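Okay, thanks for making time, everyone. Let me put the model up and walk you through a few spots in it.

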Amino acid sequence: MKRTIRLRGLSPAPFKGQTWEAEDLLRIGRLGPLEVVLDDNSVSRNHAEIRYTERGWRLRDLGSTNGTRLNGVRLSAGSWPLRVRDIIQFGEVALAVEVIQEKTGETDNNTSEEMRVEAATLSSWEEALEGLAFDSHRCPRAGEQLLALLRAGHHLVNIEKEEELLNSILHDAVSVLDAQRGAIVLAEGPENKLKLKALATGRDEPRAVIAGRDGASGRFPFSQSLANRCFNSGESILCHRVEEDPELAMSKSISEGSMSSVLCVLLRTPRKRLGVLHLDRSPWQKPFNMDDLHLADALAANVSAGIECAQLVKKQRDLFLDTITILAQAVEMRDEYTGGHTLRVSTYAVLLAQELDMSPQEVELIRIGTPLHDIGKIGIDDAILRKPERLTPEEFEIMKTHTVKGAEILATVPDLQPIIPIVRSHHERWDGKGYPDGLGGEAISPLARVVALADAFDAMTSNRSYRKGRPPAAAFAEIEKQRGQQFDPTFAAAFLGMKETILKEMKVQVTKLTPSPRVRISSLR
């Protein structure tokens, strides 16, 4: 029988009952020509794809705005296995996997929900690493297991963001250990409190999660008591039944979480304990064994150094973003009429970049660069920058130099070179009548074109000493009028398509910006 997959629409009404079938590939999005066209505003133009691989049918999100969810869990980077009865959500459109040509594993009839600790391993980091090549019987690992460990090492080299790294590691762990569900919890704060950082589901995750009965609503993604025991004792744990363990018998996550077998393995480096990798199987699966425990422990030891490095990189990045924010606020504090401008423009710009399906790298550059788009105003005299009346033509020419001054400031920092186009070109126009270089059309950086729209909208809707801000409707009308003149017509159309999102965000920003005393920074004059 030839391989095939068939999806059936569940909701909303226009898609209910529709079916889509393929032998190799299903591309999903809002516009054709795609195999699955979902004409719904919550679906991105190229939203996701389902492809047959050597490992079976796999689902991959293509950087969509509203995300792709598999059985209620939003997918991160990578491809994810599909099974019959899985529920896939593309934005707000839900489809079910109705038919799939894939052999399923045998089930186990043991449905007891009570567990106890069957085994534990208190191995050092170095000893656990020996598990990379050999199992608990000192036999070479099977190819699939070794491949999973090698992939984990690949993730450490090629993925920088902590969130993506954790999700990739967890995806491989759930897959190779055939878990129904997996979680990574990491220690945070001075008290080392364990916090959920990543969650993934395997083939046997109960369908109850689809209805939203996860977490506090009745479906527990991991056992807090087991995770704490593992972390505090410094040993990796294998659990089956709990009738002989009063502490575990009282755990709601076990009694109500459909867990019949659990692995809790310690994430650690020679320097510190980082957290816990938690994997569980349902009553319909075979329970974990000692080989599974040693494999999971080896995997945890293999990836822990990368997790620790990713945490350090994240701390460094957060500090960098805080520094950028402080610089932007220093500029705003010199001009009493631009309070909150940077935050609003940054928010609108990121939303627009995501609506345009820009790459994650471009979105990140906009996230970093937009707060600094007016940094050059540090070099503008207060007599002009803080003038309550409209500027004279001569004064406006001086004000326009803030774009060049800002670019010159960033040019002294090599790591900020990629965002210079935002700072220099956010006042360029599509028709070539902008400044400072008179660029036009595609010659203007896409990053700058995005920020130009966000900057102009906020300028129009903000109050100035010499005029009152326009209502949002008037600002949207002006953007429509300037399509193809001041603004990139495609970007302007996307911005106008986000009216409701922008209006909601404006209300959020109003609540965030509480009045505060103005501080005069005379040293920056």
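So, start with Ser-236: a polar atom of its side chain sits 3.0 Å from the backbone nitrogen of Leu-266. The Ser-236 side chain also makes a polar contact with the side chain of Asp-297, at 2.7 Å. By polar contact I mean a pair of N or O atoms within 3.5 Å; within protein, one must be able to donate a hydrogen and the other to accept it, and residues adjacent in sequence count only if both atoms are side-chain atoms. Ser-236 belongs to strand S15, residues 236–241. Helices (H or I, at least four residues) and strands (E, at least two) are DSSP runs numbered from the N terminus. And is Ser-236 buried or exposed? Buried, with a relative accessible area of 1%; the cut-offs are under 20% for buried, over 50% for exposed and partly exposed in between, with a 1.4 Å probe and protein chains only.

Quick housekeeping: this is a predicted model, where local features need pLDDT of at least 70 and side-chain atom pairs count only at pLDDT 80 or more, while totals for chains, interfaces and linings use all residues. Residues are numbered from 1 along each chain as its sequence is written, and side-chain values use heavy atoms, with hydrogens and water left out.

Now the sheets. Strands pair if DSSP finds at least two bridges between them. Strand S1 (residues 5–11) runs antiparallel to strand S11 (residues 93–100), and six bridges join them. In that pair, Arg-6 stands opposite Val-99 in S11. Ile-5 is also in S1, and it's buried, at 0% relative accessible area. Ile-5 and Arg-83 are 78 residues apart in sequence, yet 9.7 Å apart in space, C-alpha to C-alpha.

The five-strand sheet is open too, in the order S4-S3-S5-S6-S9, and here the pairing is mixed. Strand S4 (36–37) and strand S9 (79–81) are at its edges with a single partner strand each, so one side of each has no neighbour in the sheet. S4 runs parallel to strand S3 (residues 25–29), joined by two bridges, and Ile-28 stands opposite Val-36 in S4.

The largest pocket holds about 2,000 Å³. Of its 47 lining residues, the closest to the centre are Lys-161, Glu-163, Glu-164, Pro-360 and Glu-364. Elements giving two or more residues to that lining include helix H3 (162–176), helix H7 (290–332) and helix H9 (360–369). The definitions: on a 1 Å grid over the protein atoms alone, a cavity is a set of points where a 1.4 Å probe fits but cannot get out, a pocket is an open set with protein on both sides within 12 Å along at least five of seven lines, and lining residues have an atom within 4 Å of a point. Points are joined across faces, edges and corners, and a volume is the space filled by probe spheres set on them.

How many cavities of 30 Å³ or more does the whole structure have? Five. Where does it lie? Between domain 1 (3–102) and domain 2 (120–203 + 222–312), because both give residues to its lining; those bounds come from an automatic or database domain assignment.
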